[in-house]
Amino acid sequence: MVVATWLAPGHAAAGHGPVHTPCAEGNFSSAANTSRDTYSESGASFNCASCPPGATSMMMAGSADISRCECSVGYAQIFHGGNSTHANASGIQCRACEPGTFKNVTGNTSCAVCPENSYSGAASASCTKCVDNSHALAGSANKSACKCNLGYEGEPGAPCTIPQ
């Protein structure tokens with residue numbers, strides 16, 4: 001497997017042809033396969049560039065084109081419009097998962113709703129469990145949604161204790 005590189009103009013290793021400097025992680029080169037979080041397209045440019053915000057290539061040596069960039073953990077693909085999007089040349093758009101939802105895998109899939117008794121903020125990879133002796137509705141967006149169970153007291157999101 002070839003690692004993506006860019007050609008430093010006018011530089012060559014003695015007897016070994018051009019010197020290629022690897023693209024940094026999170027970048028792409030239009031000249032060759034690239035490092036993780038990157039993509040590469042055929043063309044004359046040797047510059048490195050990143051997958052769009054909220055996206056990664058997830059391949060150890062990068063990918064052949066921008067369409068291989070996938071939405072990162074905590075980001076979901078939108079197919080038609082939407083707010084707070086980042087689009088790449090192939091039309092892939094990734095947006096942060098809304099509060100109360102999460103996505104724990106890389107790929108062009110949807111965010112899932114947090115289950116009961118948990119919550120999450122925006123762009124979450126997981127949901128956080130409410131404190132002991134408390135509950136929250138599915139899709140809760142912050143810890144203040146966690147209310148003490150019957151027979152316990154405490155501020156929303158704070159520890160719940162038995163009244164004395």
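Is C97 buried or exposed, and with what relative accessible area?

1. C97 is buried, with a relative accessible area of 1%, where buried means under 20% relative accessible area, exposed over 50% and partly exposed in between, for a 1.4 Å probe and protein chains only. C97 forms a disulfide with C111, the sulfur atoms lying 2.0 Å apart; a disulfide here is a pair of cysteine sulfur atoms within 2.5 Å. The torsion about this S-S bond is about -85°, so the link is left-handed. C97 sits in the loop between β9 and β10, and C111, 14 residues apart from it, in the loop between β10 and β11. C111 is likewise buried, at 19%.

2. The model is predicted, with local features requiring pLDDT of at least 70 and side-chain atom pairs pLDDT 80 or more, while totals for chains, interfaces and linings use all residues. Residues are numbered from 1 along each chain as its sequence is written, and side-chain values use heavy atoms, leaving out hydrogens and water.

3. The protein chain has 0 helices and 15 strands, these being DSSP runs (helices H or I, at least four residues; strands E, at least two) numbered from the N terminus. Of its 164 residues, 34% count as buried.

4. The structure holds 5 disulfides, among them the one joining C71 to C94, with an S to S distance of 2.2 Å. C71 belongs to strand β6 and C94 to strand β9, 23 residues apart. C71 counts as buried at 0% relative accessibility, and C94 at 1%.
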